[in-house]
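I opened the model to look up its fold and its overall dimensions. My entries follow in the order I made them.

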Amino acid sequence: MTHHILNGDCLADQLKETNLNGDYIICREALIDGPIQSDILDTFWSARAAYIQETYHDNAENYFSRVVSEFSKIRSIPPDADVCLWFEHDLFCQVNMWFVMALLYKDGIKRNISRVFPVVRDANDVWKGFGIADAAMLEQAFAQRLLLKDDDLKLGNDLWKAYCAHDFDALKALAASESRAFKFLPEVCKAHIERFPEGNQLSRPERVLLELIDQSNGDFAEVFAAFSEREGIYGFGDLQVRIMYDRLRKQN
């Protein structure tokens, strides 16, 4: 059986329209924000649950039943199984994928792990990922999957460690690594680093968002659509953008 680790529920629904069979494991996290420092998984999950409850008003019980339970499935995948990582190129997806790769790498269990890339037919759609794919494109993406080497998994693990440590020098060095498993890695790491400017300057996402707010009539949906078009590299959902949007409007 092939174990498909997916970047969200929407992709699971899309794959049901294809001829691809297997077990779906859905990554429902948003590790682009919130606490990520603990190496002890039980502590990690508890900190994440508390953050999700405080920030997004979703209770901890729901987090453990819908989110942590899926990651537990990843750790239970048997040896020599076929595993496919369905993640997009943007920062949101990449951070989640680095975490998944770190889990698989640390387990030390021999599995056949592949990366499934979105089919990009227009360069302008590179950050739109699987969201614009029809069944034929998803089947094509699966057929073109890349079997990962141990070095690829180690790189994913090292990226996760550098991300958790807030080690920008390490991220820059890792971004220069040669690996067919990661596309747009230098651009994605640079975009992440630019979320944390020195001093009291606004971050790159905040600067762009503030500019779009000034150009708009105050309609959030309009601003979010414009931000997603301009800064799709971040892969932010409306919840992440809304938090920045409300803060910037309050400050200005």
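I began with the secondary structure of this predicted model. I count 11 helices and five strands in the chain.

Next I looked up the sheet. The five strands form an open sheet in the order β2-β1-β3-β4-β5, and the pairing is mixed. I find β2 (23-26) and β5 (146-147) at the edges; each has a single partner strand, so one side of each is left without a neighbour in the sheet.

I then checked how β2 is held. Its pairing with β1 (residues 2-6) is in the parallel sense and runs over four bridges. In this pair I see H3 opposite D23 of β2.

Which helix packs on the sheet and touches β1, β3 and β4? I find helix α4 (residues 91-107) there, in touch with β1, β3 (82-86) and β4 (112-116). The direction of α4 makes about 160° with that of β3. I also noted helix α5 (residues 135-143), which lies across β1, β3 and β4 and runs at about 125° to β3.

Last, I looked up the whole chain. For 252 residues I would expect a radius of gyration near 18 Å from a compact globule; the chain has 18 Å, which agrees. I get a box of roughly 55 × 40 × 40 Å for the C-alpha atoms, taken along the principal axes.

I find 50% of the 252 residues buried. Of the contacts with a separation of 6 or more, I assign 67% to residues 24 or more positions apart. The chain exposes about 12800 Å², and I note that carbon and sulfur atoms supply 48% of this area.

Technical notes
Residues are numbered from 1 along each chain as its sequence is written. This is a predicted model: local features need pLDDT of at least 70, side-chain atom pairs count only at pLDDT 80 or more; totals for chains, interfaces and linings use all residues. Side-chain values use heavy atoms; hydrogens and water are left out. Two strands pair if DSSP finds at least two bridges between them. Helices (H or I, at least four residues) and strands (E, at least two) are DSSP runs, numbered from the N terminus. Contact means heavy atoms within 4.5 Å. Axes are lines fitted to C-alpha atoms, for helices over the stretch in contact, and angles run from 0 to 180 degrees between N-to-C directions. The radius of gyration is taken over C-alpha atoms; the globule rule is 2.2 Å times the number of residues to the power 0.38. Buried means under 20% relative accessible area, exposed over 50%, partly exposed in between (1.4 Å probe, protein chains only). Accessible areas come from the Shrake-Rupley method with a 1.4 Å probe; for residues, only the protein chains shown count as cover.
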